[in-house]
Amino acid sequence: MSLVELIAQADERGLAASGLACLDRCVPLLGGDDEILRPLWASLTDGAGTGDWGEGLEQARGKLDAAGTGDEAAVLAHRMLEAAPAELSPAGVRVWADACSVASLQIHRLLDTAEDDASSVTVRREGRTEGMSPLVAAELRRQITVLEVLAGHGPAGLRRALEVSTEGRRVLRAVVSRRSRQQG
């Protein structure tokens, strides 16, 4: 199943986790630490209060407020954070998750030193993967894994989704670090 199909079938929690996972993997571009989005992840659990998402989002925005300047990849990451809905409504999280998916793939494409043969990330999301660059391929796999885990395991899949996101964040942090050393 393609990423586009998985997003279309995902429930509200799966969509929120999908968008959050994309944002979480891109936190190194925003200058945030590994724990900055933890309250948002916690707000997706069954025991969370209805206002936990909004409160966690405002905290994250406040801590990452200085971000949003820099290269195109950092600007895209900041837009993901700014576009996050204050309330988790089905329509709002669907639009946000879809936009985060595109932005995160584009960020990985911008940061990959290898060429990607596709004219846009849209074809990757639809399942056409020939000639895909390694960093984009890994991000696509992570996005698919997050959605599949949550579709298959519901709230119990949040831990695995966070693990997948953490792995991707480490990879992107290494890419960003290497890139800054090369530029500096």
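At what angle do the axes of helix α7 and helix α9 cross? The axes of α7 (residues 90-111) and α9 (residues 134-153) cross at roughly 155 degrees and come within 8 Å. Here, axes are lines fitted to C-alpha atoms, for helices over the stretch in contact, and angles run from 0 to 180 degrees between N-to-C directions. Helices are DSSP runs of H or I with at least four residues, strands are DSSP runs of E with at least two, and both are numbered from the N terminus.

The model is predicted: local features need pLDDT of at least 70, side-chain atom pairs count only at pLDDT 80 or more, and totals for chains, interfaces and linings use all residues. Residues are numbered from 1 along each chain as its sequence is written, and side-chain values use heavy atoms, with hydrogens and water left out.

The overall fold comes next. The chain holds 10 helices and zero strands. Its pattern along the sequence is α-α-α-α-α-α-α-α-α-α. The radius of gyration is 15 Å, close to the 16 Å from the globule rule for 184 residues, so the chain is as compact as a globular protein of that length. This radius is taken over C-alpha atoms, and the rule is 2.2 Å times the number of residues to the power 0.38. The C-alpha trace spans about 45 × 40 × 25 Å along its principal axes. Of the 184 residues, 49% are buried. Buried means under 20% relative accessible area, exposed means over 50%, and partly exposed lies in between (1.4 Å probe, protein chains only). Among contacts with a separation of 6 or more, 66% join residues 24 or more positions apart. Contact means heavy atoms within 4.5 Å.

Helix packing can be described in simple terms. Two packed helices are described by the angle between their axes and the distance between the axes. Angles under 35 degrees count as roughly parallel, over 145 as roughly antiparallel, 65 to 115 as roughly perpendicular and the rest as oblique. Therefore α7 and α9 are roughly antiparallel to each other. Their crossing is right-handed. A crossing is right-handed if the near helix is turned clockwise from the far one by less than a right angle, and left-handed if anticlockwise. From α7, the residues S101, S104, L105, H108, R109 and L111 take part. They meet L135, V136, E139, L140 and Q143 in α9. This contact has five nonpolar, four polar and two charged residues. Ala, Val, Leu, Ile, Met, Phe, Trp, Tyr, Cys and Pro count as nonpolar, Asp, Glu, Lys and Arg as charged, and the others, Gly among them, as polar.

Helix α9 also packs against α2 (residues 12-25). The axes of α2 and α9 come within 9 Å. They cross at roughly 150 degrees. The two helices are therefore roughly antiparallel to each other. This crossing is right-handed. On the α2 side, G14, A17, S18, A21, C22 and R25 take part, and they meet E139, R142, Q143, V146, L147 and L150 in α9. By class, six residues of this contact are nonpolar, three are polar and three are charged.

V146 lies in α9. V146 is buried, with a relative accessible area of 1%. Residues up to four places away in sequence aside, V146 touches A17, S18, A21, R25, A161 and V164. V146 and C22 are 124 residues apart along the chain, yet their C-alpha atoms are separated by 9.6 Å. V149 is also in α9. Its relative accessible area is 12%, and V149 is buried. Neighbours within four places in sequence aside, V149 is in contact with G154, G157, R160 and A161. V149 and R160 are 11 residues apart in sequence and 7.2 Å apart in space, C-alpha to C-alpha. D24 is found in α2. D24 is buried, at a relative accessible area of 2%. Not counting residues up to four places away in sequence, D24 touches L37, W41, L162, S165 and R169.

A further pair is formed by α5 (residues 52-63) and α6 (residues 72-83). Their axes come within 10 Å and cross at roughly 150 degrees. So α5 and α6 are roughly antiparallel to each other. Their crossing is left-handed. In this contact, L57, A60 and R61 of α5 meet L81, E82 and A83 of α6. The residues divide into four nonpolar, no polar and two charged.
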